[in-house]
Amino acid sequence: MPIRRRNPRKKIILAGVQGLVLGVVGVLLFGFILNLANDKKVEVAKEEDTTPAGAQSQEEKVEVAADGVLSFHVKQYGMFSSKDSAISFMATQPSLERAGIVQVENQFFVWSDLFLNDVPTPQSESLPSFNKTVHVSTSSCENPKVKKLINILQEDNISKNFFESIAKKEDYPDDLMTIVQAISAFSDVSSVMRLHVFTHYAEQNTCVKLSF
């Protein structure tokens, strides 16, 4: 009976081929797993980008209060029985050159700023003043542009650039940018800008009601 000789050369070649195939399969498998992990990371990143924490579009933030009542904080320097008296008082106080006059019923108040949160405490101040919380109602306003304008004052960083960046300016009073341009000529501080935009439209629209 003939004896078959084993061919060690063929075994070596076969083992090499098997090793090569296993190596290629391993590399492909590792690459597949790595790509799968990267795809999951990309999906998570996309979800985070589309839902930023605590962020809403400017148009969504406009509708602040369904009942039309908003709250602000002011620094008050005086209360007068006429607007002329308030103007005369401000004329004698250089530090009030950027202040505004707000009428509530038959009284006229001199305010220097309109804040969203508590009024910051200054290091030093020459004139006596006190802080007050003001509630503003637009529920009786029929013009939606007025309501939207008062509501947008609840935004934090009120400035000329802020108003210029509004996408749909037609949703706001027609003279808004003219008023903003005039105010920015002497101040672009958010609390001052907010105060003067507010006082202008509160004076022009008696439907805007203030209470303390």
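How many helices and strands does the chain have? The chain has seven helices and five strands, where helices (H or I, at least four residues) and strands (E, at least two) are DSSP runs numbered from the N terminus. The model is predicted: local features need pLDDT of at least 70 and side-chain atom pairs count only at pLDDT 80 or more, whereas totals for chains, interfaces and linings use all residues. Residues are numbered from 1 along each chain as its sequence is written, and side-chain values use heavy atoms, with hydrogens and water left out.

**View 1. The open sheet of five strands.** The strand order is E2-E3-E1-E4-E5, with antiparallel pairing; two strands pair if DSSP finds at least two bridges between them. Strands E2 (100-104) and E5 (209-211) stand at the edges, each with a single partner strand, so one side of each is left without a neighbour in the sheet. From one strand to the next, the twist averages 50 degrees. Axes are lines fitted to C-alpha atoms, for helices over the stretch in contact, and angles run from 0 to 180 degrees between N-to-C directions.

**View 2. The E2–E3 pairing and helix H7.** Strand E2 and strand E3 (residues 107-115) run antiparallel and are joined by five bridges. Gln103 has Phe108 in E3 as its bridge partner. Helix H7 (residues 190-204) lies across E1, E2, E3, strand E4 (130-137) and E5, and runs at about 140 degrees to E3.

View 3. His73 belongs to strand E1 (residues 69-80). With a relative accessible area of 16%, His73 is buried (buried means under 20%, exposed over 50%, partly exposed in between; 1.4 Å probe, protein chains only). Its side chain makes a polar contact with the side chain of Thr133 at 3.3 Å; such a contact is a pair of N or O atoms within 3.5 Å, and within protein one must be able to donate a hydrogen and the other to accept it, while residues adjacent in sequence count only if both atoms are side-chain atoms. Beyond its neighbours within four places in sequence, His73 is in contact (heavy atoms within 4.5 Å) with residues including Asp113, Phe115, Asn117 and Lys132.

View 4. The whole structure holds six aromatic pairs; rings of Phe, Tyr and Trp (its six-membered ring) pair if their centres lie within 6.5 Å, with planes under 30 degrees apart counted as stacked, over 60 as edge-to-face and the rest as tilted. Phe80 and Phe89 form a tilted pair, 5.2 Å centre to centre with 40 degrees between the planes. Phe109, Trp111 and Phe212 form one aromatic cluster. The charged end of Lys132 sits over the ring of Phe212, 4.0 Å from its centre (NZ of Lys or CZ of Arg within 6 Å of the ring centre and within 35 degrees of the ring normal).
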